[in-house]
Amino acid sequence: MDAIDVKILDLLQQDAEQQLAQIAEAVGLSSTPCWRRIQRLKESGVIRRQVALVDAQALNVGVTVFVSVRTATHTREWFERFCATVQAIPEVVEFYRMSGDVDYLLRVVVPDIAAYDAVYKRLIAGTQLFDVSSSFAMEELKFTTALPLAYVR
């Protein structure tokens, strides 16, 4: 990946609906070579997919809850059951296995506390958990899906 690819990625991360001609002009290429580079980035898996970013408030899921999960069980069977449980809950929009005191971290979006309680009940019904701690975001101070490009080699 070279500097032109990084510029293309920067532009696409800001607005993936830009016209090819705009992107090509911004990076100093004609349309065909620019299109080839974008296709190569897609084929290599650098660009995984293009999506629409939707406003959570407009969809009535403006409450963000960070859920820390600890477990006393670390078997493969438990892990697979827990993953399946979490994957089946659409309100869970991010799911990570962590190092440190917390085993798993989830980001959940819901309209209100009552809706989160329903998510919580589905979460604990699916698997045996040692501890579940929920923190409600009071204010979103930064949100981006754009990845930093300064580390590209």
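F95 has a relative accessibility of 23%, so F95 counts as partly exposed; that class lies between buried, under 20% relative accessible area, and exposed, over 50%, with a 1.4 Å probe and protein chains only. Y104, at 5%, counts as buried. This is a predicted model, where local features need pLDDT of at least 70 and side-chain atom pairs count only at pLDDT 80 or more, while totals for chains, interfaces and linings use all residues. Residues are numbered from 1 along each chain as its sequence is written, and side-chain values use heavy atoms, leaving out hydrogens and water.

Now the rings. Rings of Phe, Tyr and Trp (its six-membered ring) pair if their centres lie within 6.5 Å; planes under 30 degrees apart are stacked, over 60 edge-to-face, and the rest tilted. The count comes to 8 aromatic pairs. In one of them, F82 and Y104 have ring centres 5.0 Å apart and planes at 55°, so the pair is tilted. F82 sits in helix α4 (residues 76-87) and Y104 in strand β3 (residues 104-110), 22 residues apart; helices (H or I, at least four residues) and strands (E, at least two) are DSSP runs numbered from the N terminus. For F95 and Y104 the centres are 6.0 Å apart and the planes at 35°, so that pair is tilted. W78, F79, F82, F95 and Y104 form one aromatic cluster.

Leaving aside neighbours within four places in sequence, Q128 is in contact (heavy atoms within 4.5 Å) with T71 and W78. Q128 is exposed, at 63%. Q18, at 18%, counts as buried.
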